[in-house]
Amino acid sequence: MQHKKSEKRTYETRITLNDKSITTLRKYAHVMSCVSRTLFSSIAAGVSAGACKSSYQKQFGITARQFNSCRVEIEGAIESIKERRKGQISESKSRIEELEKAIQKLEKKKASPKSIHQKKRRLYSLAGKCTKLEKDHADSKIRLCFGSKKLFHAQFALEENGYTCHKEWKDSWQKERGNSFFLMGSKDETCGNQTCKAVLEQDGSFTLHLRLPDALVENNEKYVVIPNVRFAYGHKEIITSLQSCQVRNTLSREKSPSYKEFGEAISYRFLEDKKGFRIFVTTALAEKKWVTNKSLGAIGVDINADHIAVTETDRFGNPIRHEVFSWVCYGKSHTQTKALSGDLAKQLVDWALASKKPIVIEKLDFQKKKSALKESSTAKQARLLASFAHKSLITYIQSRSFRFGVKVEEVNPAFTSVIGKVKFAKRYGLSIHEAAALCIARRGLGVSERLPRHEAQVPDGKGDHVAFSLPVRNRDKHVWSSWRIVQRKYPVVLAAHFRAKRSTSRSPPA
């Protein structure tokens, strides 16, 4: 069995503090937020973060490690914005292209001037947004609003947002900007973090020793002690990381070269909300062995906007079990969607554990697909598509699978639906989506995808089927080139099928 790469997980809990500790943590968050905002301004002005370190330590009264925490947080935010902006530009161009096609169709059909006008207004808005994004990308300009844009714009409509005066809004704005701070960990440091050290007590709880910035030290009290910290989830994982750090320190003192194999970084984020302070602890999960084996078969998953089709195969790629799970996110809140996705992920992982087979999913770019379908879909389809939380479900599946040692493989989604329709749906009595899931599982196993030799009988999606001849396989080209021909031919045959059906169903003329 192969060893898996480590993956980071974040666990949270709420802590109980006295009034003095709450006041201290609020001051701590204010100092760190000031450092972060000032550092972002310096980086935006072209100054390197490393050049600011010494001066910032003196100016704000912080330690070198606290400055590094702010630096890593800001640099991470900047890189995230840059990376996301590439996707935003690509999505905007795709939406503009689809919108231009939609306008041409409306003009060709001589639709109402009002609908064409609204489409053109949207096109103009998207074009302006895309131009702005491209200019920011070319100039390497980063736009980052501390405290959120929504709250910033609330000052221009105080009554509508529940504020009686501008001072009340400003107090809320400053509180939101300084309600959290991040403390970066390192596996070389004691307890995985030099600034916040977790000590395991005899009753199984943690006691946190939080190092204060020098600017907040009074009466030589450099630490805030937070006792009785427990995690409903991830408690054992955090203990494992702390024990690994202890082993590393012991071996390092003994000058053993094997000390490098131990130690886990433990990072902390303190966040204040309406109920009090919460702590988020990030650490790496201990490496485990895979409990699944591809030589037994695979479990293919076809994710759709309102349901999940799952098909299990044997080692030869033949279906032995298939099932459809309802997954309607439309009309549900974010929390309800997360709960639904988590339940589905649990069922899939339990299935994989029982069969000892890996899960195979498609590697899809649904942002591109959403933008393409938005202009051509009906209002109901658009609402369903907007609530499609595909990425959330994939994250839940991968996270739970890693935790229990189930391997998840991602495969190219090219032509899985058409292969399932043409080759497997009628043969095995599967629905179109179950056949697609079968094709995904077979692709994970690496079995053949060649075309059938005879005429295909393909379901039309309404209880009937259409028949058409398949192209001759050209062995000098990849098999997908033949499936591309089938994919183009199928809609034409289907349209002719439904036209013939409509014409025969009409009553004869009088």
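# A chat about strands and helices in a predicted model

Modeller: Strand S7, which covers residues 276–284, is mostly covered, since seven of its nine residues are buried. Please keep in mind as we talk that this is a predicted model.

Biologist: Okay, which strand pairs with S7 in the antiparallel sense over seven bridges, starting with the one at residues 8–14?

Modeller: That is strand S1, which pairs with S7 in the antiparallel sense over seven bridges, and within that pairing Glu-12 has Phe-280 of S7 as its bridge partner.

Biologist: And how many bridges join S6 to S7?

Modeller: Seven bridges join strand S6, residues 267–273, to S7, and these two strands run antiparallel. Glu-272 stands opposite Phe-277 in S7, and the link between S6 and S7 is a hairpin through two residues.

Biologist: Let's switch to helices. How many helices and strands does the protein chain have?

Modeller: The protein chain has 14 helices and 14 strands, and buried residues make up 42% of its 510 residues. If you look at contacts between residues at least 6 apart in sequence, 66% of them join residues at least 24 apart.

Biologist: Take H1 then. What span should its 26 residues have?

Modeller: Helix H1 runs over residues 19–44, and at 1.5 Å a residue it should span 38 Å, which agrees with its end C-alpha atoms being 38 Å apart. H1 is followed by Gly-46, whose phi is positive, near 100°.

Biologist: What does Tyr-28 touch, not counting residues up to four places away in sequence?

Modeller: Leaving out residues up to four places away in sequence, Tyr-28 touches Gln-66, Phe-181, Leu-183, Thr-195, Leu-210, Arg-211, Leu-212, Pro-213 and Leu-216. The C-alpha atoms of Tyr-28 and Gly-178 are separated by 9.0 Å, although these residues are 150 residues apart along the chain.

Biologist: New topic: where does Ser-252 lie?

Modeller: Ser-252 lies in helix H7, residues 235–253, and with a relative accessible area of 36% it is partly exposed. Its C-alpha atom and that of Asp-188, 64 residues apart along the chain, are separated by 9.8 Å.

Biologist: Last one: at what angle do the axes of H12 and H13 cross?

Modeller: The axes of helix H12, residues 416–428, and helix H13, residues 432–445, cross at roughly 110° and come within 7 Å, which makes H12 roughly perpendicular to H13. Among the residues making the contact are Ile-419, Phe-424 and Tyr-428 of H12, together with Leu-438, Cys-439 and Ile-440 of H13.

Biologist: How many nonpolar, polar and charged residues does that contact have?

Modeller: The contact of H12 with H13 has 10 nonpolar, three polar and four charged residues.

Biologist: And how many residues of H13 are buried?

Modeller: H13 is mostly covered, with 12 of its 14 residues buried, and the buried ones include Glu-434, Arg-442 and Arg-443. From its first C-alpha to its last, H13 reaches 20 Å, close to the 20 Å expected at 1.5 Å a residue, and the helix is followed by Gly-446, whose phi is positive, near 80°.

Key:
Residues numbered from 1 in each chain as written. Predicted model: local features only at pLDDT ≥ 70, side-chain atom pairs only at ≥ 80, totals over all residues. Heavy atoms only, no water. Axes fitted to C-alpha atoms, helices over the stretch in contact; angles between N-to-C directions. Helix = DSSP H or I, 4+ residues; strand = E, 2+ residues; numbered from the N terminus. Parallel < 35°, antiparallel > 145°, perpendicular 65-115°, else oblique. Contact = heavy atoms within 4.5 Å. Nonpolar A, V, L, I, M, F, W, Y, C, P; charged D, E, K, R; others polar. Expected span 1.5 Å × (residues − 1). Buried < 20%, exposed > 50% of the residue type's maximum accessible area, 1.4 Å probe, protein only. Pairing = 2+ DSSP bridges.
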